[in-house]
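Dear colleague,

Here is the structure for your files. My notes on its salt bridges and one of its helices follow below.

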Amino acid sequence: MNMTMDNAMTTFPCRPVETEMPLHDTEVAIIGAGPAGAVAAAMLAEAGHRVVVIEAAHFPRFSIGESLLPQCLMDLETAGLADVVSDAGYQMKNGARFVRGDARVDIDFQDKSSEGTGQAWQVERADFDQRLIEAACERGAEVHFGQRVTAFDRQTGVPVLTICNEQDHYWRLRARFVLDASGLAQVLGRLENTLEETHLTPRQALFTHLSLTPEACREHGFDRTKIQIGLHPKANVWYWVIPFANGRASTGFVGASEELSQLTTSATDVSQRFQACFNAFNELGDWLDPATPHRDVAALGGYSRNVTTLTGPGYAILGNAGEFLDPIFSSGVTIAVRSACLAVPLVRAQLEGRVVDWQEEFERPLRHGIDTFRAFVDAWYDGRLPAIIFHPEPPAYLRRMISAVLAGYAWDDDNPFVNQPRQHLDTLAQLCGHAA
C-alpha cells in the first residue's frame with residue numbers, strides 16, 4: 001500500500017522529458033482518491049479487478065463538504081463501506097435546522113416520503129477520505145499519492161495516462177478503462193477540452209473550524225444532530241455550522257461577491273471578512289468561539305463546475321470532476337458516491353466484453369439527480385425555497401417530500417419534487433406567498 005501521510009497538498013512543476021517513459025498496465029485507472037475515486041476503487045478491487053489510483057495530494061488532507069446525507073449512507077452500504085464510516089465515531093446527523101432572524105425550522109430526515117435511512121454523519125473530510133481510500137487499499141487497490149496526470153491518450157483505442165511524480169519523473173499507465181474522480185481539478189475535462197460554463201451565479205465561500213462553546217447546546221438550543229443553515233434577512237448570504245464529535249464545528253459563509261460585500265465593507269483580508277460575516281448573525285456568538293479558529297480562514301470562489309459530457313471512449317467522469325453545484329444542501333459527496341455506484345457495474349460489464357450504453361445507463365440517470373439538486377439550489381437563492389421552508393403552516397405531506405430531497409433522495413421518481421422539481425417548487429412557492 002503506497003500511502004504517504006502529509007497534511008499539505010504537494011504542488012510541483014511537470015516538464016516534458018525526452019527519455020522513454022516506463023509503461024505499466026492495469027485494468028482500471030482512477031484519477032483522484034477522494035470519495036468517488038475511493039468508493040469506485042474499493043468496489044472494483046473487491047470484485048477482483050486490478051485498480052491503480054493516481055492522487056495529486058498526500059492524505060490525509062483538508063476538504064470541505066463535511067455534512068453527509070442519508071442517501072450517501074445508502075450508497076456506501078451498497079459499496080460495502082458503511083461500516084468503515086459507522087465505526088469511525090462521527091457526529092450523528094438526523095436533519096437540518098434553518099435559521100432566519102428569530103425563526104427556526106427543523107427538517108427531520110426521519111420524516112420523509114422516500115424509503116431509506118434518515119440518518120447521516122458529520123465528518124472531518126481529512127479523516128473520512130483517509131478511511132475510504134485505506135479501505136480500497138485493503139481490498140487490493142494500488143494508490144500513488146503526490147502524482148499528477150499530465151496527458152491522456154486514447155488514439156490507439158486503449159487509454160494511456162502520462163503521470164508525473166514529485167521528482168519530475170514521468171511514467172505511463174495503460175488501462176482498459178479510466179475513471180476521472182479528480183474533483184474540482186477536472187483532469188479529463190481539461191485534457192479533453194469538455195469544460196462548460198455553469199449557469200449558476202459565481203459565489204464565494206469563507207470558512208474555518210471553530211470551537212462550539214460549552215453553553216451552546218445546553219443554554220441556547222443548539223442541536224448537534226443537525227447541520228445549522230442560517231439565512232441573512234437582508235443580504236442573500238447564508239452560513240453553515242456543521243458540528244463534529246470533537247466539540248468543533250465547520251463554519252462557513254456563502255454569497256455572491258456583491259452580497260458578501262454588504263456585510264464586509266471595512267474588511268481588508270479574508271479573516272476580517274469572515275469575522276464581519278460572523279458578526280452579522282447574532283446567534284453565532286451564542287454557539288461558537290471565533291477567537292481561536294482551528295484552521296486558517298480560507299476562501300474558495302468560482303467553485304461551480306460542469307462538463308459537456310460525463311463519458312467518452314474508454315473513460316467516465318465521476319462526482320465533482322463532472323459537475324459541482326454549490327455547498328448548500330451538501331450534495332457534493334452524495335453525488336460523488338452515487339456516481340461511483342452507478343459506474344462500477346458498467347465498468348465491470350465493459351471489461352467482460354459486454355456492450356454498455358454509458359449515456360443511457362450512467363450519464364442520464366446521474367444527471368437526473370444532479371438536476372434535482374440544481375433546481376433546489378436555484379430555488380434557495382431566488383427565494384422560493386426559503387418561502388417554502390419558513391412558511392408557518394406547510395402541509396405535512398409536502399414537507400415530507402421536501403425533506404426527502406434534502407436528505408439526498410434526489411433519484412426517487414415517486415417524489416414529485418424529483419420527477420418535476422421546478423414545476424412543483426414554483427407552484428408551492430406561490431402558494432406560500434412568494435411572488436413569481
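Are Arg367 and Glu363 buried or exposed? Arg367 is buried, and Glu363 is buried as well (buried is under 20% relative accessible area, exposed over 50%, partly exposed in between; 1.4 Å probe, protein chains only).

This is a predicted model, in which local features need pLDDT of at least 70 and side-chain atom pairs pLDDT 80 or more, while totals for chains, interfaces and linings use all residues. Residues are numbered from 1 along each chain as its sequence is written, and side-chain values use heavy atoms, without hydrogens and water.

Salt bridges

There are 20 salt bridges, each a side-chain nitrogen of Lys or Arg within 4 Å of a carboxyl oxygen of Asp or Glu. Arg367 and Glu363 form one, with the closest N and O atoms 3.2 Å apart. Both lie in helix 11, four residues apart, about one turn of the helix (helices are DSSP runs of H or I, at least four residues, and strands runs of E, at least two, numbered from the N terminus). Arg367 and Glu363 also belong to a salt-bridge network with Glu323, Asp371 and Arg374.

Asp378 and Arg422 form another salt bridge, at 3.2 Å from N to O. This pair links helix 11 to helix 15, 44 residues apart. Arg422 is partly exposed, at 35% relative accessible area.

Helix 15

Helix 15 covers residues 421-431, and its buried residues are Pro421, Leu425, Leu428 and Ala429. Their directions from the helix axis to the C-beta atoms fall within an arc of 100°, so they line one face of the helix. After helix 15 comes Gly433, with a positive phi near 95°.

Regards
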